[in-house]
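Here is my notebook from an afternoon of looking at strands and helices. Have the picture open beside you as you read.

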Amino acid sequence: MKLREVDLPGIGKKFTLHTGKGIAISLVVHNTGKREIYLFPRGGEEDASCVIELSDEEARQLGTLLMGAFFTPVVVDEDKINLLLKGLIIEWIELSKNSPAAGKTIKELDIRAKTGASVIAILRNEKDIIPSPSPEEVLKAGDTLIAVGTREQISSLIELVATRPGR
Amino acid sequence: MILDFGIILSVLFISAYLVRRLRVPSILIYIILGLSLGAFVNRRSEDILNIFSEVGLILLFFFLGLEFSIERILSVARRIWAAGIIDLIISFGLGFSTGYFLHFNVIACIFLGAITYASSSAIILKLLVDLKRSANIETEIILGILIFEDIAASVLLAILSGVGESATGGPVIFTSLFILAKIAFLLGASLLIASAFGSNLRNIIDRISGEEFLSLFVIGSVFLFSGFVKSLGISEAFGAFLVGLIFAESGRLEPVERIALPLKDMAVAIFFFSFGVSIEITSDFNKLIVALIPLFLVTSLGKIISGYLGARLSGLGSISSLRVGYSMVARGEFSIVLAYAAPGGLGIHALSGLYILLLTFVGILSMIYAPNLARGTRMVFIKRGSNA
């Protein structure tokens, strides 16, 4: 995968990615903040076959989607498949308003010890991602925990954050 | 006088507004308006027009200087110097030679070479973005050459303005060396100030950033320095360029540009309008045309060829290289500034004016149709089989 960054004096910056299939995708970030995506199907000397202009908001939204924060498809990757086969899964768990976990820190909940699952990231307010949250991180209602573990471990975690205390 | 000024501004606005859909850079409109309405501009309005025109010139070059940091100058120099030099030699050389064949005196030929040298960054930049070619490969080369030209043309302007000032002075060699020394000194001093006081400047700007007197500081500094440079006999535009360089090192472009942009936009429009007004097509119209046609043909072809060669040298394929050539034909702001600096006695004002007008128009067309022109040219001239 080739990523190239070029300064376009007077216009902005251009980032070009050559995909494995031979298509060149260029992202031009203008000094004015405007973003444009250019597609060069044969990567050659002709004009772009397609140009998409994105506002700041649109660019961020698209970026988040591309990053896989909302939906991560199963990746075709040896190691990851092995993980899956060994029974490890990644799950998105949303904390409801009544969740007993709301207002507590990860340490307080003792998630690792009690369930065996690991919280690898927290998605808050539908757009902020807190990767590798510290044990002192306070969980809030509405947060989505991104956790990894075996099926049983994930189930435990779901019970932990969904059931009322003192069951 | 105020009423006249208001009328002029309103006419400029209405015209620019009406044609903005046509993808024509407003520069062309302002010049044409100046040309056609020139007769109606009376003496009284001339004063205020001249003042704003000079302000426009100064701010134009100030903003140009802002684009440059020492780091960028060095990186451009490394990447594009070959193409830049080819462009300089061919374009300046052809302009000079054509003038010579047309029996202009040496000094006039030098000015003609300079006027026909620099392509219009303003026009080309705007078209690149509007035509959605920002991401094309050839754009990188085009921008590089334009940057090179910006520096080279600014230095040329400084030298020639000095020459223009002392055109009747003593032995040419002596005055030229003196002028070069002044320019070198100014350039060196500015770069020194820029690197030494860049952070101080940054602090000052940060501290007064929200205040209403930020504009006094910025515009005041620009005029102060430009005026000083002018008193040394060098073009105030070069001085403004140097101030831009200094401000660029502060890293605080955003507040500076924000505060000066409105004034710059308005003043630059007036600058081009005034240029149009100053084009006086007096008696010898035939003589003008006889000089204009060869100059136009030779220098346009020159740009296409130099652009092509420069791009090929930088590793581009034949079609992209041809597109570079066809895109660089447009002349504009630099040529106008250099034409202004030429002493009246040389008799090239009217010629320059018409030349620039023609080249602006043709240059825009050439750039819009560059893809087609490139393909056509390749089919006709470059018969070598290897498919690029």
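This is a predicted model: local features need pLDDT of at least 70, side-chain atom pairs count only at pLDDT 80 or more; totals for chains, interfaces and linings use all residues.

**Entry 1: two helices in chain B, H9 and H10**

I looked up which residues of H9(B) meet H10(B). On the H9(B) side I noted B:Ser221, B:Val222, B:Phe225, B:Ser226, B:Gly227, B:Phe228, B:Val229 and B:Lys230. They meet B:Glu236, B:Phe238, B:Gly239, B:Ala240, B:Leu242 and B:Val243 in H10(B).

Next I wanted the geometry. Two packed helices are described by the angle between their axes and the distance between the axes. For H9 (residues 214–231) and H10 (residues 236–248) of chain B, the axes come within 7 Å and cross at roughly 135°. H9(B) and H10(B) are therefore oblique to each other. I also wrote down that H9(B) passes H10(B) in a right-handed crossing.

**Entry 2: H13 and H16 of chain B**

At what angle do helix H13 and helix H16 of chain B pack? I found about 125°, with the axes 8 Å apart, for H13 (residues 318–327) and H16 (residues 370–381) of chain B. That angle makes H13(B) oblique to H16(B). The contact uses B:Ser318, B:Ile319, B:Leu322, B:Arg323, B:Tyr326 and B:Ser327 from H13(B). H16(B) brings residues including B:Ala370, B:Pro371, B:Leu373 and B:Ala374 to the contact. The crossing of H13(B) and H16(B) is right-handed.

**Entry 3: H2 and H11 of chain B**

Here I looked at H2 (residues 26–37) and H11 (residues 253–278) of chain B, whose axes are 6 Å apart and meet at an angle of about 40°. H2(B) and H11(B) are therefore oblique to each other. Their crossing is right-handed. Among the H2(B) residues making the contact I listed B:Ile27, B:Tyr30, B:Ile31 and B:Gly34. From H11(B) the contact residues include B:Ala269, B:Phe272, B:Phe273 and B:Gly276.

**Entry 4: a kinked helix**

Where is the kink in H4(B) centred? I found it at B:Ile80, with a bend of about 75°. Then I checked the span: H4 (residues 70–101) of chain B covers only 40 Å between its end C-alpha atoms, while a straight helix of 32 residues would span 46 Å. After H4(B) comes B:His103, and its phi is positive, near 65°.

**Entry 5: a five-stranded sheet in chain A**

I moved to chain A and traced an open sheet of five strands in the order S1-S2-S3-S4-S5, paired antiparallel. Strand S1 (2–8) and strand S5 (50–54) of chain A are the edge strands, each pairing on one side only. Ignoring direction, neighbouring strands in this sheet are turned by 15° against each other on average.

I then followed the pairs along the sheet.

- S1(A) and S2 (residues 12–18) of chain A pair antiparallel over seven bridges. A:Lys2 has A:His18 as its bridge partner in S2(A), and A:Glu5 has A:Phe15.
- S1(A) and S2(A) form a hairpin with three residues between them. In that turn, A:Gly10 has a positive phi of about 95°.
- S2(A) and S3(A) run antiparallel and are joined by seven bridges. A:His30 in S3(A) is the bridge partner of A:Gly12.
- S2(A) and S3(A) form a hairpin with five residues between them, and A:Gly22 in the turn has a positive phi of about 90°.
- S3 (residues 24–30) and S4 (residues 35–40) of chain A run antiparallel, with six bridges joining them. A:Val28 stands opposite A:Glu36 in S4(A).

**Entry 6: a four-stranded sheet in chain A**

In which order do the four strands of the open sheet with S6 stand? I read off S6-S9-S7-S8 (chain A), with antiparallel pairing. Strand S6 (88–94) and strand S8 (128–131) of chain A stand at the edges with a single partner strand each, so one side of each has no neighbour in the sheet. The twist averages 20° from one strand to the next.

Inside this sheet, S7 (residues 118–124) and S9 (residues 144–150) of chain A pair antiparallel over five bridges. One of the pairs I looked up joins A:Ser118 with A:Val148 in S9(A). Lastly, I found helix H5 (residues 151–162) of chain A lying across S6 and S9 of chain A, and H5(A) runs at about 145° to S9(A).

Conventions. Residues are numbered from 1 along each chain as its sequence is written. Chains are lettered from A and ligands numbered from 1 in the order in which they are written. The expected span of a helix is 1.5 Å times one less than its number of residues. The bend at a residue is the angle between axes fitted to the seven residues ending there and the seven starting there. Two strands pair if DSSP finds at least two bridges between them. Axes are lines fitted to C-alpha atoms, for helices over the stretch in contact, and angles run from 0 to 180 degrees between N-to-C directions. Two residues are in contact if their C-beta atoms, placed from the backbone, lie within 7 Å. Angles under 35 degrees count as roughly parallel, over 145 as roughly antiparallel, 65 to 115 as roughly perpendicular and the rest as oblique. A crossing is left-handed if the near helix is turned anticlockwise from the far one by less than a right angle, and right-handed if clockwise.
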